[in-house]
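This briefing goes through one protein chain, topic by topic. Please keep the sequence and the 3D view open while reading.

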Amino acid sequence: DDGFADLLCGNDFSIPDNYYLGNGTETFRQLKIQDSVVNMSTRTTMSITTADINNDLHTDMYFAGGSNLYLDQKYRTDTGPELCNEIKDLKERERCLERMKIHEMLKWAKLKGDVFDCPPEYFEECLVHDLYTQYGRGSAQRKKELRNYIKEGWDIFSFFSSIEMDKDSIAYSKGSWAEEIPQKQGENILHIGSETGHFTEAAKPMGVYQAGWTWNCKFADLDNDEWQDLYAVNSSFQDFKRDDKFLFHNLQGQKFENLTEEANLGSFLAMGAYTYLDIDNDGDLDI
């Protein structure tokens, strides 16, 4: 709250998130854990949004990512063809069903760990998936074997079978890693700001620590009560499961309540991005 713009950078997977303080001179200083401004961040961060959620004139920050570790199972569903029933357009529903068939084959190949468990009609899709998986595991011999099955014209995928992870290329030394903001696995993070410039993590008591595998989220006053609400959407397939969308209604800065069902905003279809606007000029925000 010093009047200078700061910068928040969320990183997927294990790379720590970066918090940069601006000083108005086009230079920034990266926050470290010893600064005691924030004490943790999310792992697999996919989205960051900021607002004054309790109307105390201090900025609050919400970091979101893979927050389905403790998610109630009623907000999850199997990744089967039934998901396509949400789509009203018949042509689009047929396209969805075709893609679901491929997804079914890929997830079973992943479960069994072998491309040859896939039916012949999906062999190519499974091959690319298996090459990618083996790249991540660093199994050089397996990658060489699979490369023999790449047909002509598929050279674009051959790098998966030839590239090796550079184990000597480490972005952080042990010393510098210890200075980074610690990451919390499986939960979203809500930093509540204060007049001292320090933040308190409060996602769990505020009711927003679980929101599925969150790809996008934004604060906005969706019911014109002068309190910032939060909508979180999910896109990635979690192997055999899909997560719901989440609308959190702000209870005057004291807590959030899940009103997804009441607002008719739940869906298990993939949604990676959205925005707010008053599309019909009636004075309230649409999504």
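The model is predicted, so local features need pLDDT of at least 70 and side-chain atom pairs count only at pLDDT 80 or more, while totals for chains, interfaces and linings use all residues. Residues are numbered from 1 along each chain as its sequence is written, and side-chain values use heavy atoms, with hydrogens and water left out.

**Confidence**

- The protein chain has a mean pLDDT of 82, and 74% of its residues reach 70 or more.
- Confidence is lowest in helix α4 (residues 159-162), with a mean of 50.
- Confidence is highest in strand β16 (residues 256-258), at 97.
- Helices (H or I, at least four residues) and strands (E, at least two) are DSSP runs, numbered from the N terminus.

**The three-stranded sheet**

- Three strands form an open sheet with antiparallel pairing, in the order β1-β2-β3; two strands pair if DSSP finds at least two bridges between them.
- The edge strands, each pairing on one side only, are β1 (7-9) and β3 (28-30).
- From one strand to the next, the twist averages 25°; axes are lines fitted to C-alpha atoms, for helices over the stretch in contact, and angles run from 0 to 180 degrees between N-to-C directions.
- β1 and strand β2 (residues 18-22) run antiparallel and are joined by three bridges.
- Across these two strands, Leu8 stands opposite Tyr19 in β2, and Cys9 has Asn18 in β2 as its bridge partner.
- β2 is also joined to β3 by three bridges, again antiparallel, and Gly22 stands opposite Phe28 in β3.
- The hairpin of β2 and β3 has five residues between the strands, and Gly24 takes a positive phi near 80° there.

**The second largest pocket**

- Rolling a probe the size of a water molecule over the atoms shows where empty space is left.
- On a 1 Å grid over the protein atoms alone, a cavity is a set of points where a 1.4 Å probe fits but cannot get out, whereas a pocket is an open set with protein on both sides within 12 Å along at least five of seven lines; lining residues have an atom within 4 Å of a point.
- The second largest pocket holds about 470 Å³ of space; grid points are joined across faces, edges and corners, and a volume is the space filled by probe spheres set on the points.
- This pocket is lined by 21 residues, of which Asp1, Asp6, Leu21, Met61 and Phe199 are the closest to its centre.
- β1 and β2 each supply at least two residues of this lining, and the largest share, three residues, comes from β2.
- The lining divides into eleven nonpolar residues (Ala, Val, Leu, Ile, Met, Phe, Trp, Tyr, Cys and Pro count as such), three charged (Asp, Glu, Lys and Arg) and seven polar (the others, Gly among them).

**Met40**

- Met40 is in the loop between β3 and β4 (41-42).
- Not counting residues up to four places away in sequence, Met40 touches Tyr19, Ile181, Pro182, Lys184, Ile189, His191 and Glu201.
- Met40 and Phe199 are 159 residues apart along the chain, and their C-alpha atoms are separated by 9.9 Å.

**The five-stranded sheet**

- Five strands form another open sheet with antiparallel pairing, in the order β7-β12-β13-β15-β16.
- Its edge strands are β7 (66-67) and β16, each pairing on one side only.
- Strand β15 (residues 246-250) pairs with β16 over three bridges, and Asn250 stands opposite Phe256 in β16.

Key: pLDDT is the predictor's confidence in each residue, from 0 to 100. Contact means heavy atoms within 4.5 Å.
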